[in-house]
Amino acid sequence: MIKRKIEFYKHNLDQADKKECLSILNTIFLTTGHTVKLFEEKFARYLSLPYAVGVSTCTDALFLALKYYNISADDEVITTPLSFIATANVIEYCGAKPVFVDVEESTGNINADLIEQAITKKTKAILVVHLYGQMCDMKKIRKIADKYQLKIIEDSAHCIEGTRDGIKPGTLGDFACFSFYATKNITSGEGGAIVCKDEKAYEWLKKARLHGMSKNAVDRYTKRYEHYDMEFLGYKCNMTNIQAALLLHQLDRIENFLKAKEAICRQYDKSFSKNKMITIPNVLPNTKHARYIYTILVDPQKRDLYLEKLQDMGIGVAINFRSIHFMSYYKKKYNYRRGDFLTAEKFGDSTITLPLYPKLKQTEIIHIINTVNNITLTV
Ligand SMILES: *Cc1c(COP(=O)(O)O)cnc(C)c1O
């Protein structure tokens, strides 16, 4: 067990969430039911979209989105190498090929100007990631997708609250997928959601998360027994009422969480601005950053030394992310080499994620800032 003074992350569950969860435990209906529906409606409303479907994880949400478009062997999906492995893995699950496009130096988001040259006859979709909570250039990407008749799926695991040019996640994409994993902006330990504007897709998703069954558990429980049918081969990744109960009220407080995190980011920005050893990804004008995490970039030769020293000082750290094409599976399968995606590699080799959450105390923030600034004097 590492002795840690400052946790990397603390969740924001409060009495209202725990009470709601307990009330579910006191009913007989633990799985997908009324509370999931309530959460879905509230989540869709928050994003100003008509439809949301609760699932087990964001990975499942992304997988379902690809499956809806029948993405399969011989297809290609364009995506970013600078993300959590789930983004590329779901493409592999379909038997398709993830085609990586390098990222922007300033934000770490997929470089929209490089997408067109990666499109081939096999390309079916573009899977974008709103990295760290800052949205990609969805207007530009939508234009490219329309020109080549491609689908867009947004991996919005980092970005519930963000906007760019007034546009929210899910507005220009065909699907947007969200995560409620343990460290995400709102959490139920594990959980996910997928949003869309198309009613047909919505109806398909509700069945696809439950084996393709024609009737869900609520139908079967509340009405007299009727035989169900299986209309197509679906999966098993429905959200439970327990998860939904934990999420329902966090959604009311999500803007407050963001304000608290925004204030910490400003303090970090200010304190690191004079430190020549550290750069910070840009926040672009006309964007509302969802502030999933706070990352700094340091000399790649010294990055792991920083990691050691931060941990020695009791500070929880993470790396978001080492480029996916360097993971053994991808490296072997597709023969990737150093230099294939230079900017993503540079990010992956230089980045460090610092603690960022509303419960972070002022004394802790100062300890983190002083530690980082002192390391730069000694390494
Ligand atoms: C967390 C994360 C996921 C996966 O979310 P799960 O809910 O754990 O499946 C996918 N993409 C990105 C970018 C993530 O950070």
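Colleague: Is Glu 203 buried, partly exposed or exposed in this predicted model?

Modeller: Glu 203 counts as partly exposed, at 33% relative accessibility.

Colleague: Which residue forms a salt bridge with Glu 203?

Modeller: Here is the general idea first. Side chains of opposite charge can pair when their charged atoms come close. In this structure, Glu 203 pairs with Lys 206, and their closest N and O atoms are 3.7 Å apart. Both belong to helix H6 (residues 199-208), where three residues, or about one helical turn, separate them. Lys 206 counts as partly exposed too, at 27% relative accessibility.

Colleague: Where do Asp 146 and Arg 142 lie?

Modeller: Those two are in helix H5, four residues apart, which is about one turn of the helix.

Colleague: What does the salt bridge between Lys 140 and Asp 113 tie together?

Modeller: Good one to look at! The two side chains meet at 3.0 Å, N to O. Lys 140 sits in helix H5 (residues 138-147) and Asp 113 in the loop between strand S3 (97-100) and strand S4 (123-129), so this pair ties together parts 27 residues apart in sequence. Asp 113 is exposed, with a relative accessible area of 53%, and Lys 140 is partly exposed at 34%.

Colleague: How many salt bridges does the structure hold?

Modeller: There are 20. Asp 14, Asp 17 and Arg 253 are linked in a network of them.

Terms used
Residues numbered from 1 in each chain as written. Predicted model: local features only at pLDDT ≥ 70, side-chain atom pairs only at ≥ 80, totals over all residues. Heavy atoms only, no water. Salt bridge = Lys/Arg side-chain N within 4 Å of Asp/Glu carboxyl O. Buried < 20%, exposed > 50% of the residue type's maximum accessible area, 1.4 Å probe, protein only.
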